[in-house]
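Hi everyone, thanks for making time this morning. I'd like to walk you through a structure I have been looking at, so let me put it on the screen.

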Amino acid sequence: MSGNVTVPNNEELLSELTEFIEQRFLPEGESGIKPNTPLLEWGILTSITTTELIAHIQERYGLFVPPERIVGAHFKNLDAIVQLVGSLRDDDTVASA
């Protein structure tokens with residue numbers, strides 16, 4: 001991982017993560033997920049796609065998502081994911097080496 005990765009503010013995080021999820025996990029040509037779209041309930045995030053999203057968070061933002069934070073409540077929608085990444089951003093003990 002690159003050492004000094006800047007994690008954007010929550011508004012930019014929401015925009016970036018929305019784009020990533022729409023491009024990677026929605027059928028081609030579909031878009032328009034909202035911050036409160038139920039990603040788990042609608043099957044947009046599955047165990048496999050959630051793993052891919054976690055890898056993206058680690059690679060893009062240099063943040064490690066601890067196993068105890070990998071729970072449905074943190075991935076239920078974009079608002080929850082942004083809140084999770086924001087809390088990891090603010091906790092320097094989880095930054096990737």
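I'll start with the overall layout, then go to the first helix, the core and one threonine.

Please keep in mind that this is a predicted model. The average pLDDT for the protein is 90, and 89% of the residues score at least 70. If you go through the helices, confidence is highest in helix 3, residues 72-75, with a mean of 98. The lowest is helix 4, residues 78-90, and even there the mean is 95.

So what is the protein built from? There are four helices and zero strands, and from the N terminus the order reads α-α-α-α. The chain has 97 residues, and 39% of them count as buried. As for contacts between residues at least 6 apart in sequence, 65% of them join residues at least 24 apart.

Let's zoom in on helix 1, which covers residues 10-25. It has 16 residues and reaches 21 Å from first C-alpha to last, close to the expected 22 Å. At its N-terminal end sits a cap: a side-chain oxygen of Asn 9 lies 3.0 Å from the backbone nitrogen of Glu 11. Which residues of helix 1 are buried? They are Leu 13, Leu 17, Thr 18, Phe 20, Ile 21, Glu 22 and Phe 25. A handy reminder when you look at that list: an α-helix has 3.6 residues a turn, so residues three or four places apart point the same way. The buried residues of helix 1 pack against helix 2, residues 47-61, and helix 4.

The largest nonpolar core holds 24 residues, and Leu 17, Ile 21, Leu 53, Ile 81 and Val 85 touch the most other members. Helix 1, helix 2 and helix 4 each give two or more residues to this core, and helix 4 gives the most, with six. Have a look at Ile 81: beyond its neighbours within four places in sequence, its contacts include Leu 17, Ile 21, Leu 53, Ile 57 and Phe 75. His 74 is also in contact with Ile 81.

Finally, Thr 49, which sits in helix 2. Why does Thr 49 count as buried? Because its relative accessibility is 14%, and the cut-off for buried is under 20%. Apart from neighbours within four places in sequence, Thr 49 is in contact with Phe 25 and Ile 44. Phe 25 was also among the buried residues of helix 1.

Conventions: Residues numbered from 1 in each chain as written. Predicted model: local features only at pLDDT ≥ 70, side-chain atom pairs only at ≥ 80, totals over all residues. Heavy atoms only, no water. pLDDT = per-residue confidence, 0-100. Expected span 1.5 Å × (residues − 1). Buried < 20%, exposed > 50% of the residue type's maximum accessible area, 1.4 Å probe, protein only. Contact = heavy atoms within 4.5 Å. Polar contact = N/O pair within 3.5 Å; in protein donor to acceptor, adjacent residues only side chain to side chain. Core = buried A, V, L, I, M, F, W, Y, C linked by side-chain atoms within 4.5 Å.
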